2 protein chains.
Amino acid sequence: MSAKTFSEDHRVVYYETNVTGVIGIGRLVDLMILVSGDQSDSLGVTDQKLSELGLGWVVTQHVMDITRLPHANEVVTISTKAQEYNRFFCYRDFWVTDQEGQQLVKMHSVFVLMDRTKRKIVRLPQEIIAPYESEYTKKIERLAAPQPVNDATASKKYRVRFMDIDGNHHVNNVHYFDWMLDALPADFLLNHRLTKMNIQYRQEVYYGATVSSQVELDQDELITKHVITTEDEKNCNAECHWEKISD
Amino acid sequence: MSAKTFSEDHRVVYYETNVTGVIGIGRLVDLMILVSGDQSDSLGVTDQKLSELGLGWVVTQHVMDITRLPHANEVVTISTKAQEYNRFFCYRDFWVTDQEGQQLVKMHSVFVLMDRTKRKIVRLPQEIIAPYESEYTKKIERLAAPQPVNDATASKKYRVRFMDIDGNHHVNNVHYFDWMLDALPADFLLNHRLTKMNIQYRQEVYYGATVSSQVELDQDELITKHVITTEDEKNCNAECHWEKISD
């Protein structure tokens, strides 16, 4: 049995791109999550249905490989399938291709189902997972965690704004990416291209909190390590790999 | 002669909506500006052509009337026409309708053409304005300016982030809206609905600047007045009218 694939086209528009002319990574992740949501809707596993069961999907980790980020006005195809699952984890793949069918971005993500009241992970009910035709696996993936920040080279603080929170009172994914990357020097962001990103979500951030975005920049290896903290809590961390943009 | 109208459909998606379940006003303005850009492209008046002439469009004012903001998954039609122009100003109308044809939002905007090197407004060249089939008018519109902030009731500071700037190194429109509205109390934003907004752009904000967003909230009239400043410069101001959301 092979999991059902679902695809949508998207034209990248000017306000989704950043100063380097390509889509912001957070915005691209928003789009990928949208496509997975649309697949769930098409299979009858709507957010409303989950909500009635007191459940909600939560992302715990994304691992991305980026060949090239699409530019403004480029049309891309975003595809996804929920490849495998075990008792607690659902492993979902995403890929973004250009109009010639070249793969631009690949993302592997781990989702869990959360009991909204108890704030605890639940076993995946058969009625929820069956429609995706994912393969059941006993094994639990051992995805590498992002390398920790040992010696931060820069740090910036951000207040969680009203517009940062969505209908579930959660901070949207995109803001973690912005907080993490904005802490890097502009000169670095202008002259380097993101090739890999591994981001792990640990603890929600709430409206009104002030987050600290710390980064450790390894200029030789072109690796950046990121952590978002509130008071003594680690909320999210990530590891990014970069390459220099040639002139 | 009547100006050419151009329309596009858009499905509002979850990450464009805020905690109240409707599209963020800045995101809606982004969409409207996108549609006007697409009209320009379709008429051969592309940003690239303007750029080759050393020119670029700049918005100086938007006046909006909001009947209802669309919710997540709602499909809306966004239409625009460049109704009238005189030597220096181009007056453009936008309207957003739902699938039943009901008008949700109307926006009237003033655009000027800027010489990118001299940073000065230029006369509208015939070759640029002719394709829109706008009506020439001698009169210069006297749009009301937003009421000034006399006695700020709250103020917040925002650092312009790397992701706030676009390919032209300009701060995207959407961020002004976020800075202005986020300065209001969350309780007010949760319980009131925006019905009118008049926003005037005066002076660009640049990357790395810290802006101050000051607001004067008139709880009786349900009017908020906003100003964005950097050091001693007024960059942008706005006046918003609200109504209480009934339970």
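Colleague: What should I know before we start?
Modeller: This is a predicted model, where local features need pLDDT of at least 70 and side-chain atom pairs count only at pLDDT 80 or more, while totals for chains, interfaces and linings use all residues. Residues are numbered from 1 along each chain as its sequence is written, chains are lettered from A in the order in which they are written, and side-chain values use heavy atoms, without hydrogens and water.

Colleague: How many residues of chain A are in contact with chain B?
Modeller: 33 residues of chain A are in contact with 33 of chain B (heavy atoms within 4.5 Å).

Colleague: And what area is buried between them?
Modeller: About 3400 Å², with 56% of that from carbon and sulfur atoms; buried area is the accessible area (1.4 Å probe) the two parts lose on being put together, summed over both. A:R161, A:F162 and A:M163 give 22% of what chain A buries against chain B, more than any other three residues.

Colleague: How many salt bridges does the rule find across the interface?
Modeller: Six, counting a side-chain nitrogen of Lys or Arg within 4 Å of a carboxyl oxygen of Asp or Glu. One salt bridge joins the side chains of A:D38 and B:R11, at 2.7 Å from N to O.

Colleague: Switching topic, which domain does UniProt list for chain A?
Modeller: The unreviewed entry gives "Acyl-ACP thioesterase-like C-terminal" for residues 152-244 of chain A, and such annotations may be inferred rather than shown by experiment.
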